[in-house]
Amino acid sequence: MPRSSTRWSVPASTAMAGLLMVQSLPAQVLASVSNPDLLAAPPMGFNNWARFECDLNETLFTDTAQAMVNRGLRDVGYNRLNLDDCWMTHERATDGSLQWNTTLFPHGIPWLAKYAKSHGFHLGIYEDAGNATCGGYPGSLGHEEQDAESFANWGIDYLKLDGCNVFSEDGQPLRDEYRQLYSKWHKILSGMQDPLIFSESAPAYFSTNATDWAIVMDWIPEYGELARHSDDVLVYSGEGSAWDSIMVNYHYHTLVVRYQQPGYYNDPDFLIPDHPGLTDVEKRSHFALWASMGAPLIISAYIPDLSDSEIEFLSNKDLIAVDQDPLAEQSALVSRDSDFDVLTRSLANGDRLLTVLNRGNDTSKTTIPITRLGLDSGCKYKARDLLTGTVSTIKDAVDITLESHATSVLRITPPRKCTKITPTGMILNTATSHCLTASSTGVTFESCQAADSQVWHVSSHGSKLTLSPLSDKSKCLATSAGGVTLASCNGGSGTVWSHYMTGHLQNDKGGCLAESGGAGRLGTCSLEQAGQILGLPSGVRLAEGAAKK
Ligand SMILES: *[C@@H]1O[C@H](CO)[C@@H](O)[C@H](O)[C@H]1NC(C)=O
Ligand SMILES: *[C@@H]1O[C@H](CO)[C@@H](O)[C@H](O)[C@H]1NC(C)=O
Ligand SMILES: *[C@@H]1O[C@H](CO)[C@@H](O)[C@H](O)[C@H]1NC(C)=O
Ligand SMILES: *[C@@H]1O[C@H](CO)[C@@H](O)[C@H](O)[C@H]1NC(C)=O
Ligand SMILES: *[C@@H]1O[C@H](CO)[C@@H](O)[C@H](O)[C@H]1NC(C)=O
C-alpha cells in the first residue's frame, strides 16, 4: 500500500507482534482507507437481524423496501438492504457453492438484488469467516474466492463477515487466525473489479480482553470499510435492558475514535427504534448519539409499522448530514461525570459539534465552557440544536438540561475571527476508563469527574504534540527522570509527544505514557500493555508507523 497516500500505515510492530503470516497485499488495493471513495460515508439502511433474527424472507425485504420508499427513508439516505444470517441452506451445492433457501427466497437472491436496485437500494449479504455461521449454516472457510464470486454474480455489493466458529488449528494465537482470514478476504474483495464493501466483525470477538482487542483493531481499518467492535445490540425478543446494551456498545465506541477516517467507520451496531424495551426518549437518543458520532445508521426494525414520529426522527436531515460529514471524524469524550458525557468533533465546513448525553436517572443540568470544545473564549458562536432546530448564541459557556437518557446535539458555527480549533478533551486509558488528571505534583489516572484537570488541549508542535490541562494552560505534560510530570510549555525536550493509531502516546525522549497503579508513568512501548492504549480528543494528528521501543 502506498504509505504516503493516506494517514494509515501498517504499524511495524503490529506485524511483528504475533509472527503473522499475512500474505503481501496486491500492488493495487482498491478498498478501505486506500480508496475512501468506495464508502465515502458511513452506510445507512436496513438489516433484519436485531428485529427478526433468522425469520427473514423475500417478502420482509420487499415490504421493507416499499415502506422505506413510501415513508421517505430511502430519499434521506437509507439505501441499503442487508440480509443477515440464515438466508442459505445447510448444505453447499455439489460444486461447492452456497445456495439460498428457496422457501424463504422463492425468486432467488439475484432477483432480490435486481428488485433492490430498481427501487434505489443496494443489496448486502452475511457470511462468516469460520467453518460455520453463528446460526450453524456453512461458513466460508476454504471457499472464500468461490463465495465472493457468487455474491458478486448475484448482484450483491456489501458483505458483513461474521467471526463465529473460527478456530486456531496450529496453536497460533486466535487473534492471528482472525487476521489471516480477514486479510485473505480483504485481498479477494479489494482485488475485484467492483470491490464489495467489507464489514468486519472480528473485533467483537475480542472486546473482553483490552490487549487482544486493541491489537485486532490495529489491522481492521486497513482491510475493510467498517467493523463491529463490540457485542450485538439486544435483539427484539432478547432479555435484559435494551438501553444498557446500547450503552455498552456506545462505551466501546468511545474507545476507538482514533481509527475512524474517510473510508473506514467504527460500527456500534444497529438502530433498534421499535424495540419494546426502549422509551421514546431513548430511541431518539440512540439515533442522535449514533449520528453525531458518525456511525453506520442501519435500522433493524419492522419499518412498515414504525410510527410517524419514529420515521420523523430517523429522517432528521441535520443529524444525517452530520453523520455523513466528509471529514468523517468520530466524536470523542471531552468530559464525563456521574451523569453527563460530553463529546465533540469537527465538521468539514469548520463547524464544531457538541453532543451531550445524560446517562443518569434524573433530569439534570450541566454547563459546558466553550474552551472545553477547543474553541476560543471571547467570541459569539451561533449554535443550532439539531433535535429541535432552535438557534441560539453562545458566548463563554452553554447550559444544557436533559431528561434521563436524553441526548442533545448542537452544531456550533464560529464567527470569522474565531475559527481556530484546538483538539480538546479527555485522555482516557481505554482499558480502565480512567482519566489522565493533572495535579500539583504531576499526573495520575483517576475516575473521570469532568474537572478542568482532566480536560486537555492538544497542540501541534512541528510534527509532534504538546498536551496541556485546562486547569493550568501554562503547563505541559512532560517527562523528567523517567517520571511523568507537568513542566512549563517551552517546547523543550521531554515536553513533546507523538500519538499513534495503536493508541500509544510516546515521549520524544522515548517511552510511552501508561497508567500504572493509578500513577502516570513512562513505560517501554508495547502492544501488549493495555495500560498504554490511550484515547485522545478527535482531530489529533496521528504519527506514521508505530511507537518504537
Ligand atoms: C416473512 O417474514 C416475516 C417476518 O419474520 C413474517 O412475518 C412473514 O410471515 C414471513 N412471510 C413469509 C411469506 O414467510
Ligand atoms: C428453508 O427455510 C424453511 C423455513 O425456515 C425451513 O423450514 C426449511 O427447512 C429451509 N430449507 C432448507 C433447504 O434449508
Ligand atoms: C469446525 O471446526 C471445528 C474445529 O476443528 C470442528 O470441531 C467443527 O466440527 C467444525 N464444524 C464444521 C461445521 O465443520
Ligand atoms: C488478554 O490477552 C493477552 C494477549 O493475548 C493475554 O496475555 C492475557 O492473558 C489476556 N488476559 C486475560 C485476562 O485473559
Ligand atoms: C440508574 O438506575 C439503575 C437501576 O435502578 C442503577 O443500576 C444505576 O446505577 C443508576 N444510574 C445512575 C447513573 O445513577
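Is Asp269 buried or exposed, and what is its relative accessible area?

**Entry 1: Asp269 and conventions**

I looked up Asp269 and found it buried, with a relative accessible area of 2%, where buried stands for under 20%, exposed for over 50% and partly exposed for the range in between, with a 1.4 Å probe and protein chains only. I noted that this is a predicted model, in which local features need pLDDT of at least 70 and side-chain atom pairs count only at pLDDT 80 or more, while totals for chains, interfaces and linings use all residues. Residues are numbered from 1 along each chain as its sequence is written, chains are lettered from A and ligands numbered from 1 in the order in which they are written, and side-chain values use heavy atoms, with hydrogens and water left out.

**Entry 2: positive phi**

I turned to the backbone, since most residues other than glycine have a negative phi. Phi of Asp269 is near 85°, a positive value, and the residue sits in the loop between β7 and α9 (280-293); helices (H or I, at least four residues) and strands (E, at least two) are DSSP runs numbered from the N terminus. I also found a positive phi of about 55° at Asn165, which is not a glycine and lies in the loop between β4 (158-162) and α6 (174-190). Asn165 counts as partly exposed, at 30% relative accessibility.

**Entry 3: the sheet**

I traced an open sheet of 8 strands in the order β7-β6-β5-β4-β3-β2-β1-β8, with parallel pairing; two strands pair if DSSP finds at least two bridges between them. Its edge strands are β7 (265-267) and β8 (297-299), each of which pairs on one side only. I then checked strand β1 (residues 44-47), which runs parallel to β8 and is joined to it by 3 bridges, and saw that Met44 has Leu297 in β8 as its bridge partner.

**Entry 4: ligand 4**

I listed the residues surrounding ligand 4 as Arg175, Asn209, Asp212 and Glu528, taking a residue as near if one of its heavy atoms lies within 4 Å. By class, this shell has no nonpolar, 1 polar and 3 charged residues. I looked next at side-chain N or O atoms and found an oxygen atom of ligand 4 at 2.4 Å from one in Asn209, an oxygen atom at 2.8 Å from one in Asp212, and an oxygen atom at 3.4 Å from one in Arg175. The protein covers 33% of the 360 Å² of accessible area that ligand 4 has on its own, by the Shrake-Rupley method with a 1.4 Å probe.

Note on methods:
Polar contact = N/O pair within 3.5 Å; in protein donor to acceptor, adjacent residues only side chain to side chain. Nonpolar A, V, L, I, M, F, W, Y, C, P; charged D, E, K, R; others polar.
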